[in-house]
Amino acid sequence: MIFREEICFRTRLKPIPGLPLPVRRFTSANPFYTVRAGHRHRTERPAIPSAENRRFVLRSRPVRLAGPENFELQRGPVPEIGDGQALVRIEMAALSAWQGMRTKDFKNFIRPFDIGELISCDTFGRVVESRCEALPAGAAAVGRQGWQDYAAVRPEDVSVASDAYTAEEWLTALSSPGQTPYLAFSQKVRPMPGETLVVTSAAGAVGSYAVQLGKLAGARVVGIAGGPEKAAFVRGRLGADAAVDYRAGSFRDDLAAACPDGVNLYFDTVGGPVADAVSERLALGADILLVGRVAANNSAEPERDMANLRHVWSQEATIHSFNRYAYKDLYPLVIGRLGALLRAGRLAMHNQVVDGMERTPAALHDVLSGNHVGKMLVRYSDSGASPI
Ligand SMILES: NC(=O)c1ccc[n+]([C@@H]2O[C@H](COP(=O)([O-])OP(=O)(O)OC[C@H]3O[C@@H](n4cnc5c(N)ncnc54)[C@H](OP(=O)(O)O)[C@@H]3O)[C@@H](O)[C@H]2O)c1
């Protein structure tokens, strides 16, 4: 079987022949991050554009999908920074299904939010005040500062992001959405040319990159998504070989028609009845990458998931649980690889951007209910309004 080296798989990550490396300058221990030239290290508090810090905390736990009623908007002063800290003004927040999962109190690889706790999420922001040499004013900071306008951070809380990439790129292709399938395919099971890869929530954040990376690996890719528009997006824009609408009454027949030789690799982000249907199509010796459980998480009984392991057993399939956090050491390397694919035009971003911090809870509800395509981002502020 031919091995294509566009993306690098299973045992070790290899360079991508013929692709330019992303433009970057080398500073400090991490070659992928750099500080914008010309920004000063400030010790005095500049004029902060907004005198208050708004933040969303968890008010109550949802029974099914988290929505605005489950979050409380609190208003307080902009945090004061101490020695060794910097004040980051959040410009963009990335919404993900795991934030909804953490609003519920059930066993999980990441603990649930407490009632009254700030909601965490990946963020892109700029340092607007600094008492820390490593985080000079003006530097772009990528971290997990959550649903708030400002955060007081230490260097270990954020990565100083290179201006070689935009905020949207840092929060999507180069972050969890791109990294998750890249790492799952390179470190667990690689899609093989000629074999069939099935991806669920294929029009979503992680799924949209899993489809594209699967195609780059040479696999035959079948995407599963909710509704005919999303199925058309998965085929037409993401380049899947086939797309199946799991909400259609003919779902099981459509899936069988799209996978005539069975499913060799199943990238499972949802679990539940969709995973049961895919399990019926598994080829002998198939691999299953367990990446997420959206269907179970969204239900009133999150501990219930697939109803039937019979086909997994009878097809001698192997289940591989995947957690991106186990590969933190590889993040810089993977960012370089994904950046190269982006700049070469071989990987495309599909983002939905909502304006206004106060719309964050409603935007999360849209993510959980599938009322979005690609990655959902919320713009909190823009650097044009920065006092620096
Ligand atoms: N293991 C890891 O390291 C890792 C890292 C990142 C993310 N994840 C997981 O990956 C999954 C996707 O996350 P994401 O942030 O990219 O979300 P997303 O795919 O952008 O959004 C979730 C999607 O799930 C689909 N969905 C909702 N209810 C469903 C149901 N009952 N059955 C089938 N599909 C349903 C919806 O799409 P449709 O409209 O198509 O139904 C919705 O768009 C999550 O489970 C997340 O926890 C895992």
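The model I am reading is predicted.

**Entry 1. Ile 110**

I started with Ile 110, in the loop between helix 1 and strand 4 (122-130). I counted 11 C-beta neighbours inside 10 Å, so Ile 110 falls in the exposed class. Beyond residues up to four places away in sequence, I found that Ile 110 touches Trp 98 and Arg 102. Trp 98 is 12 residues from Ile 110 along the chain, and I read 8.9 Å between their C-alpha atoms.

**Entry 2. Overall counts**

I then went through the whole protein and noted 11 helices and 15 strands. Of its 388 residues, 49% count as buried. I also looked up the contacts between residues at least 6 apart in sequence: 69% of them join residues at least 24 apart.

**Entry 3. Largest nonpolar core**

Which residues of the largest nonpolar core touch the most other members? I listed Val 88, Ala 93, Ala 141, Val 198 and Val 234, out of 108 residues in this core. Strand 3 (residues 86-95) supplies the largest share, eight residues. Domain 1 (52-168 + 351-385) and domain 2 (176-326) each contribute at least three residues to this core.

I followed up Val 234. Setting aside neighbours within four places in sequence, I have Val 234 in contact with Ala 202, Ala 203, Val 211, Gly 223, Ala 225, Ala 240 and Ala 243.

**Entry 4. Leu 174**

Next I looked up Leu 174, which sits in the loop between helix 2 (167-171) and helix 3. Is Leu 174 buried or exposed? I count 27 other C-beta atoms within 10 Å of Leu 174, so this residue is buried. Apart from neighbours within four places in sequence, its contacts are Tyr 165, Glu 169, Ile 335, Leu 338 and Gly 339. I also checked Leu 174 against Val 334: they are 160 residues apart along the chain, with 7.9 Å between their C-alpha atoms.

**Entry 5. Helix 6**

In helix 6 (residues 251-258) I marked Asp 254, Leu 255 and Ala 258 as buried. Seen down the axis, these residues fall within an arc of 100°, so they line one face of helix 6. An α-helix has 3.6 residues a turn, so residues three or four places apart point the same way. On the face turned away from the buried side I found the exposed residues Asp 253 and Ala 257. The buried residues of helix 6 pack against strand 9, strand 10 (242-245) and helix 7.

**Entry 6. Helix 7**

I went on to helix 7 (residues 272-279), where Gly 272, Val 274, Ala 275, Val 278 and Ser 279 are buried. These residues cover an arc of only 140° around the axis, and therefore lie on the same side of helix 7.

**Entry 7. Ligand shell**

I looked up the 31 residues around the ligand; Gly 204, Ala 205, Gly 226, Gly 292 and Gly 370 come nearest. The elements giving two or more residues to this shell are helix 1 (97-101), helix 3 (176-187), helix 4 (205-216), helix 7 and helix 8. I sorted the shell by class and got 15 nonpolar, 13 polar and three charged residues.

**Entry 8. Positive phi values**

I noted Ser 201 for a positive phi of about 35°, although this residue is not a glycine. Ser 201 is in the loop between strand 8 and helix 4. With 27 other C-beta atoms within 10 Å, Ser 201 is buried.

Glu 316, also not a glycine, has a positive phi near 50°. I located Glu 316 in the loop between helix 9 and strand 13 (318-321).

Technical notes. Residues are numbered from 1 along each chain as its sequence is written. This is a predicted model: local features need pLDDT of at least 70, side-chain atom pairs count only at pLDDT 80 or more; totals for chains, interfaces and linings use all residues. A nonpolar core is a set of buried Ala, Val, Leu, Ile, Met, Phe, Trp, Tyr and Cys residues joined through C-beta atoms within 7 Å. A residue is buried if 20 or more other C-beta atoms lie within 10 Å of its own, exposed if 12 or fewer, and partly exposed in between; C-beta atoms are placed from the backbone. Helices (H or I, at least four residues) and strands (E, at least two) are DSSP runs, numbered from the N terminus. Domain bounds come from an automatic or database domain assignment. Two residues are in contact if their C-beta atoms, placed from the backbone, lie within 7 Å. The arc is that of the directions from the helix axis to the C-beta atoms. A residue is near a molecule or strand if its C-beta atom, placed from the backbone, lies within 6 Å of it. Ala, Val, Leu, Ile, Met, Phe, Trp, Tyr, Cys and Pro count as nonpolar, Asp, Glu, Lys and Arg as charged, and the others, Gly among them, as polar.
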